[in-house]
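Here are some notes on the helix packing and a few side chains. Could you go through them with the model open?

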Amino acid sequence: MTIRTLRDYGQHYRPRMACLKNVEVFVVEMQDPKSGVKGADQKLNVTIIPHVINGQDILAWIVTKMKVTTEEAQAFGTMLVAYGYIYPLQNHRKLVLVPDSTLYRFQTPYFWPMQKWPAEDIDYAIYLARRNIRKKGMLEPYEQQHYDNLHKWMNPKWDFIVMQATEQYKASKERKKPDRVVLDCQERAYWIVHRPPRRTHSAMDYGLDRLIDPNAEEVLTFDMVRRTNIFLTQALMRSAVKSSVSLTAFVKYVTTHHNHDPFLTTPVPSNPWITDSDEFWQLNSRSVDIPTKLSVERWVLSFWELISDPRGRVDFKLFLKKEHSAENMAFYEAAEEMRWGAASAIPEKSQFIFNTFLKPGAPRWINIDGRTMGLTVKGLVVPHRYVLDAAQTHIFLLMKKDTFYRYLKSPVHKDMQKRALVPAPHVFTDAQLEANVRNRNPGISPILLWQQEEEEKAAAAAAARPIDVKAMVATNKLDRK
């Protein structure tokens, strides 16, 4: 067996089931009395256990037989323990190969994964019931949890299960004590592999129910052939993009984003990670008054790039206010806040959104089609995170297909392009770079950024609040008096 074969099914502990037959041949060779791992009788809790081996001998035999490194041999040995071909005598829940004097035994072939497939719940219930009788109700916590669940699920069969467990317990008492201890260790090791405790790695990779028998021959039914035929027909009819078209699109994307990728183009004025100058971060911060020309150019690439940049979103909101359609962006942000915000605030936010944007005669009523409006209002009766998805998508597409292109042609965007900063690149000598490291300035405090974000949210919430016209009229009258 070569190193490549070892890596195929030993290093990651999850080989394909077809390779387990080769593993079983290898385990049989390990148990050979002449050339295998030498075992001896061992006293364990005043009981003599036959054919006991230790982890150090197993590791040395694997290294010698397979001609691999110690790390690879230990990985392969751990795989044998994880799959239940070798089990520990003392610490059953630790399914790893410890390269010291830890005691192990070879599992009987009856309990090998390829021989007993799959592990049935009724067999596990009988094992737990028998163990509960022997331990007088003192099971381990994870075993007690499995026992209670199986008792609940198999309540109609439980009398039969207890009867079988009682008969097996009486039969086991007639065996000799060493045989009884060995059989108990074998069964416990088998169920540790197939029904491991919670939050424990399971090499068998059981899902809800593993019903595949690798030893059984697959029988093709008419329904299976019909389904396969339908799938292949649909696959042939599915349109595919030519490699030349996809490569052209990829080249176009790289060409468009070349100047905005810091790995392809040197950042201006300088790379802060190399020069220890934080001017690049200062110029591209969220609260900057005038952005850089590179940032403004990036807003033109797509609508998503525009609203992903906090400074670009502020500029876009200014344009929407001049067009008297600021309620679209306000609704989009309110929907995003409801989707990603705290679950406890969903009822309050949904009521606020309904009264502000969706209610007939609302102060910031949004213009969406009647069907989407009906579905959204109906969903707000029992609100959840994604109840506004349809309306939010409608508003997003409306801004993307119509408002965004008018924004690019507007004086607001053109004025920002003229005022955008073009920072001069830094040219530092080696001595200046060392001085920058010594005189390094602290970056922008995350607490200050958080405070600025909270202030912006409070201002946006105040702007989105319904306006009380009567109060404004009363205030104006008092001012005139």
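1. Start with helix H15 (residues 310–322) and H19: their axes come within 10 Å and cross at roughly 90 degrees. Axes here are lines fitted to C-alpha atoms, for helices over the stretch in contact, with angles running from 0 to 180 degrees between N-to-C directions. Helices are DSSP runs (H or I, at least four residues), numbered from the N terminus. H15 and H19 are therefore roughly perpendicular to each other (the label covers 65 to 115 degrees; under 35 is roughly parallel, over 145 roughly antiparallel, the rest oblique).

2. Who makes that contact (heavy atoms within 4.5 Å)? On the H15 side, Asp-315, Phe-316, Phe-319 and Leu-320; on the H19 side, Met-399, Thr-403, Phe-404, Arg-406 and Tyr-407. By class, the contact of H15 with H19 has 6 nonpolar, 1 polar and 2 charged residues. Nonpolar means Ala, Val, Leu, Ile, Met, Phe, Trp, Tyr, Cys and Pro; charged means Asp, Glu, Lys and Arg; the others, Gly among them, are polar.

3. A word on what we're looking at: this is a predicted model, with local features needing pLDDT of at least 70 and side-chain atom pairs counting only at pLDDT 80 or more, while totals for chains, interfaces and linings use all residues. Numbering runs from 1 along each chain as its sequence is written, and side-chain values use heavy atoms, leaving out hydrogens and water.

4. H16 (residues 326–340) and H17 (residues 346–358) have axes that come within 10 Å and cross at roughly 165 degrees. That makes them roughly antiparallel, therefore, to each other. The contact takes in Glu-327, Ala-330, Phe-331, Ala-334, Ala-335, Glu-337 and Met-338 of H16, with Ile-346, Lys-349, Ser-350, Ile-353, Phe-357 and Leu-358 from H17.

5. Have a look at Glu-327, which sits in H16. Leaving aside residues up to four places away in sequence, Glu-327 touches Phe-357, Arg-364, Trp-365 and Ile-366.

6. Glu-305 belongs to helix H14 (residues 303–308). Its side chain joins that of Arg-298 through a polar contact of 2.9 Å (N or O atoms within 3.5 Å, one able to donate a hydrogen and the other to accept it; residues adjacent in sequence count only if both atoms are side-chain atoms).

Key
Helices (H or I, at least four residues) and strands (E, at least two) are DSSP runs, numbered from the N terminus. Contact means heavy atoms within 4.5 Å.
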